[in-house]
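Have it open while you read.

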Amino acid sequence: MDLMFNISGLAETEKDFTTSKRDVLKYLKLIGVDSRFISYTPEKIYINNLRFSKFSRKREATFTKQYPEIKVVRNKLFQKICAKSSKHLALEIKPNSRILMPEDNFMIEILLEPYIRKYGVELVYDGEYDMKVNPIILDDEVNNIFESIFEGDGLNFRRDDNEIYPLANVSLDWINSFLEMDGQKGLDCENKNELANSFSEFLEDVAPQYKENVVKASEYIEKKLEAEK
């Protein structure tokens, strides 16, 4: 059953809301939506977590009546990507920090947008910053591990305390499937090492869930080595 919300007096105040980001978010709050769990763009509102956002169908109907030009996106794959990403971001992002964003990366744009409201961060594209985004995806992280091993360098831990990794445990397949559904430009793997990519393709055929296990194993070894120092 849909949650009830109080819209008494709403009709009288609807004319006061413009299409500015501030007013759109204010209106969402007024109808009972928690904007910390949605991503705002001028054309679309992406639901990151359906339960926590409280963005019910009834609230969507009310929102659409006020803002018919803004589409509400209820994409289950996107919500899964947000859940994966938040496992990193919740630990990495420091409240009220300035975060340097990569250029032309729509996926990271919409993943980081809610953290303006969650943690009071500021997303910047140049100038001074406290932290910066590393756009590495799960596939590249795994291939980097394989490349280091195959080249005889052992496990090469490349994490930087000054960086955050929104896509480090999100696969390219998930990312591009969502971007394609949303009409956006897809991403590509950065690691072009032929041996690492071939080995990844082989493992994909025999053990589709191997990527996260490879990363977990490398993180476990890293922690063990740090503890022994």
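This is a predicted model: local features need pLDDT of at least 70, side-chain atom pairs count only at pLDDT 80 or more; totals for chains, interfaces and linings use all residues.

1. Start with T41, whose side chain comes to 2.8 Å from the backbone oxygen of K44. That is a polar contact: N or O atoms within 3.5 Å, where within protein one must be able to donate a hydrogen and the other to accept it, and residues adjacent in sequence count only if both atoms are side-chain atoms. T41 sits in the loop between β1 (38-40) and β2. Beyond neighbours within four places in sequence, T41 touches Y46 and I110, a contact being heavy atoms within 4.5 Å. With 12% relative accessible area, T41 is buried (under 20%; exposed is over 50%, partly exposed in between, with a 1.4 Å probe and protein chains only).

2. A word on ground rules. Residues are numbered from 1 along each chain as its sequence is written, and side-chain values use heavy atoms, with hydrogens and water left out.

3. The protein chain has eleven helices and seven strands (DSSP runs numbered from the N terminus: helices are H or I, at least four residues; strands are E, at least two). Of its 229 residues, 45% are buried.

4. How many aromatic pairs does a search of the whole structure find? The count is 16, where rings of Phe, Tyr and Trp (its six-membered ring) pair if their centres lie within 6.5 Å, and planes under 30 degrees apart are stacked, over 60 edge-to-face and the rest tilted. One of them is F17 with Y27, edge-to-face at 5.1 Å centre to centre and 80° between the planes. F17 is in the loop between α1 (10-13) and α2 (21-30) and Y27 is in helix α2, so the pair ties together parts ten residues apart in sequence. F17 is buried at 13% relative accessibility, and Y27 is buried at 0%.

5. Now back to Y46, the T41 contact. The ring centres of Y46 and F178 are 6.2 Å apart with planes at 75°, so this pair is edge-to-face. Y46 belongs to strand β2 (residues 44-47) and F178 to helix α9 (residues 172-181), so the pair links parts 132 residues apart in sequence. Y46 is buried at 1%, and F178 is buried at 0%.

6. Finally, look at the cluster: ring pairs connect F17, Y27, F55, F63 and Y67.
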